Amino acid sequence: MTTAVIEEDRLSETFAALANSTRRAILARLADSAATVNELAEPFELTLPAVSKHIKVLERAGLIRRGQQAQYRPCALDAAPLEAVSTWAEQYRAVWEARFDRMDDYLATLTETKDRRRR
Amino acid sequence: MTNSNGAQDAVVIERSFDAPVELIWQMWTDPTHFAAWYGPDGATIPVAKLEVRVGGTRLVCVEMQTPGGPMQMWFTGEYREVVENERLVYTESMSDENGTVRTPSELGMSEGHPVTTEVHVDLVDLGGRTRMVMTHVGIPGDSPGAAGWAMAIDKLASYVQTHADR
């Protein structure tokens, strides 16, 4: 059970990391190829420290890995945590689709009742 | 949803209903209407307390019949945005019957489920018909109220750890 809690914390961290549009954009950029902090900072009009902060959040969430070359330490995307998120969301999609099918049916019964009253 | 970074981090469903926007709004906000469609097939919603105002709480019970007797699941949350006939945003967590949040793993669910999620409902009046976009996301960590949720989750984590050996 302790392991489950740790994994759950990890997932919360993933969601927290994904909650920011700049960080999502950084991940989108890294989906193309690995990049250095300088390269990542360029399109966002952000200071290097600001970008570094976002990268640290993404690194803690396990969404990116950093190379060991001391000077550049390029960032690369790690998609594993995203897969856990996708599993959660995909399970819920079916639940919601079924709910809205029922909403549709229920709305039809309400409309029928109204039509009958009108007659 | 597949967003710009190729990740699926939310459920987004768009539907059009052959009903006026006021009625679709009631589907979400009127306990009787809500109970009529929300539960899975064969389930009932014996409790739906919906305090539809910003900061208002919700408490929903889903009851399913099993061979071992009725099984209840409780969900609680808070309304974040309420714009009548246009937009509804609320949070959702699994809970007990008093609305105390319980983690999915405590309840034996898969570990991939976030403790708190947020449901967004956007309605567009199409003149007698309604387009609805429902978004269900894991709660963003840096949104207002996240600190409170994080504290609740921390408390639960330590609670679960102390009780893990039982």
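Which strands of chain B does H1(B) lie across? In this predicted model, H1(B) lies across E1, E2, E5, E6 and E7 of chain B. Its direction is at about 165 degrees to that of E6(B).

H1 of chain B covers residues 21–29, and its buried residues are B:Val21, B:Ile24, B:Trp25, B:Met27 and B:Trp28. Look down the axis of H1(B) and those buried residues fall within an arc of 150 degrees, so they line one face of the helix. Here's the background to that pattern: an α-helix has 3.6 residues a turn, so residues three or four places apart point the same way.

## The chain B sheet

Now for the strands. Chain B has an open sheet of seven strands with antiparallel pairing, and the order across it is E1-E7-E6-E5-E4-E3-E2. Strands E1 (10–17) and E2 (44–50) of chain B are at the edges with a single partner strand each, so one side of each has no neighbour in the sheet. Going from one strand to the next, the twist averages 20 degrees.

What about a pair inside that order? E6 (residues 116–125) and E7 (residues 130–138) of chain B run antiparallel and are joined by nine bridges. In this part of the sheet, B:Glu118 stands opposite B:Val137 of E7(B).

## Chain B as a whole

Stepping back, chain B has three helices and seven strands. Follow the sequence and you get β-α-α-β-β-β-β-β-β-α.

How much of chain B counts as buried? The figure is 27% of its 166 residues. As for contacts in chain B between residues at least 6 apart in sequence, 37% of them join residues at least 24 apart.

## A quick look at A:Glu59

Over in chain A, A:Glu59 is part of helix H4, which spans residues 48–60.

Which residues does A:Glu59 touch once neighbours within four places in sequence are left aside? Those contacts are A:Ile64 and A:Arg66. There's also A:Cys75, which is 16 residues from A:Glu59 along the chain, with 9.0 Å between the C-alpha atoms of the two.

Terms used:
Residues numbered from 1 in each chain as written. Chains lettered and ligands numbered in written order. Predicted model: local features only at pLDDT ≥ 70, side-chain atom pairs only at ≥ 80, totals over all residues. Buried ≥ 20, exposed ≤ 12 C-beta atoms within 10 Å, placed from the backbone. Helix = DSSP H or I, 4+ residues; strand = E, 2+ residues; numbered from the N terminus. Arc of directions from axis to C-beta. Contact = placed C-beta atoms within 7 Å. Pairing = 2+ DSSP bridges. Axes fitted to C-alpha atoms, helices over the stretch in contact; angles between N-to-C directions.
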